Amino acid sequence: MKSPLKPPYDAAGKAASAGSRPAFPVRLNTDKSNPFAPKKIAAAVRGTSAAGQNDLKRPFQAGASGGLGLDSAVRARMVRLLAEQGVQNAQVLAALGAVQRHHFVDTALAGMAYEDTSLPIGFGQTISKPNVVARMLELLQQGLTDASGKLGRVLEIGTGCGYQAALLSYLATEVYSIERLRGLHDKARENLRTLRLANVHLLFGDGMAGFVKGAPYAAIIAAAGGDAIPVAWTDQLAVGGRLVAPLQDASGAQALVVIDKTPQGLRQTLLEAVHFVPLKSGIG
Ligand code: SAH
């Protein structure tokens, strides 16, 4: 069996300096005090938890310290709305409840971080709206064949600000995330540094080639859409694994595509229309 790579790696697969290595492994926190444990999320969704009762009425505001004091209540509201819109997977909802989306966007946009909207993250790129992120993560989880309920190694193409990589760290054993823009790669590293997500490995490079050193992957997820799924991605997908990505047709319209790699070959399913930034080759 292939042993998992140790973090962190750059795009060439070289270990980065020990100084930048985060310290703690990430686990889904099942501690009863955790308001975002799956059961509590379910309660919040039903509107029966402390976090879920009144937060719809509360404005999203910065705390006196300049921090976002009510962010957990606002996040719980976002999670409840996502559940009402049909997101059912408890792990995905728990991850969305745990990761502070406002931490990944500019302070000026923090007040909109828990609205169901995409937001600019600089360099002409955007962070997808929570609903789309949740949908894609749920599709990955639904493809899961592992009885542990956790995805194995996952490859993300398009790190952006690192938000989805942080969510994936709750759902997968190892997350390899590639970004082609140096400025965003650095930004994601900065955003993730304080979160100490030891199972997230940020790579700088062209994700069109995948990242062969981490393969095979239980799941591959792309946050940018091209007119074809690169062969490298399906090659690097494990048998039994699932890929979720936006795919563009000849008219330029995008739809989500799910590709399952079965022992008999690839099975492709086209889903709803989406709007992602373009998948580009090379680095910038
Ligand atoms: N998941 C991200 C969303 C980022 S938007 C988040 O949570 O913030 C999509 C990203 O894909 C952009 O940052 C863009 O630069 C990147 N991208 C586009 N083509 C790419 C490629 N070939 N390799 C790696 N990243 C790519």
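Q: How many helices and strands does the secondary structure of the protein chain come to?
A: The model is predicted: local features need pLDDT of at least 70, side-chain atom pairs count only at pLDDT 80 or more, and totals for chains, interfaces and linings use all residues. Residues are numbered from 1 along each chain as its sequence is written, and side-chain values use heavy atoms, leaving out hydrogens and water. Taking DSSP runs numbered from the N terminus (helices H or I, at least four residues; strands E, at least two), the protein chain has 8 helices and 11 strands.

Q: Which strand supplies the largest share of the lining of the largest pocket?
A: The pocket comes in at about 570 Å³, and Thr126, Ala223, Ala224, Phe276 and Val277 are the closest to its centre of the 36 lining residues. (A pocket is an open set of points on a 1 Å grid over the protein atoms alone, where a 1.4 Å probe fits and protein lies on both sides within 12 Å along at least five of seven lines; lining residues have an atom within 4 Å of a point.) Elements that each supply at least two lining residues include helix 5 (130-142), strand 3 (151-157) and strand 10 (265-274). The largest share, 3 residues, comes from strand 2.

Q: What is the angle between the planes of Tyr176 and Tyr217?
A: Tyr176 sits in strand 4 and Tyr217 in strand 6 (residues 217-222), so to speak distant parts of the chain, 41 residues apart. Ring pairs also link both tyrosines with Phe211 into a cluster. The angle is 65°.

Q: Is Asn89 buried or exposed?
A: Asn89 lies in the loop between helix 3 (71-84) and helix 4 (90-98). Leaving aside residues up to four places away in sequence, Asn89 touches Glu138 and Gln141. Its relative accessible area is 16%, and the cut-offs are under 20% for buried, over 50% for exposed and partly exposed in between (1.4 Å probe, protein chains only). So Asn89 counts as buried.

Conventions
Grid points are joined across faces, edges and corners, and a volume is the space filled by probe spheres set on the points. Rings of Phe, Tyr and Trp (its six-membered ring) pair if their centres lie within 6.5 Å; planes under 30 degrees apart count as stacked, over 60 as edge-to-face and the rest as tilted. Contact means heavy atoms within 4.5 Å.
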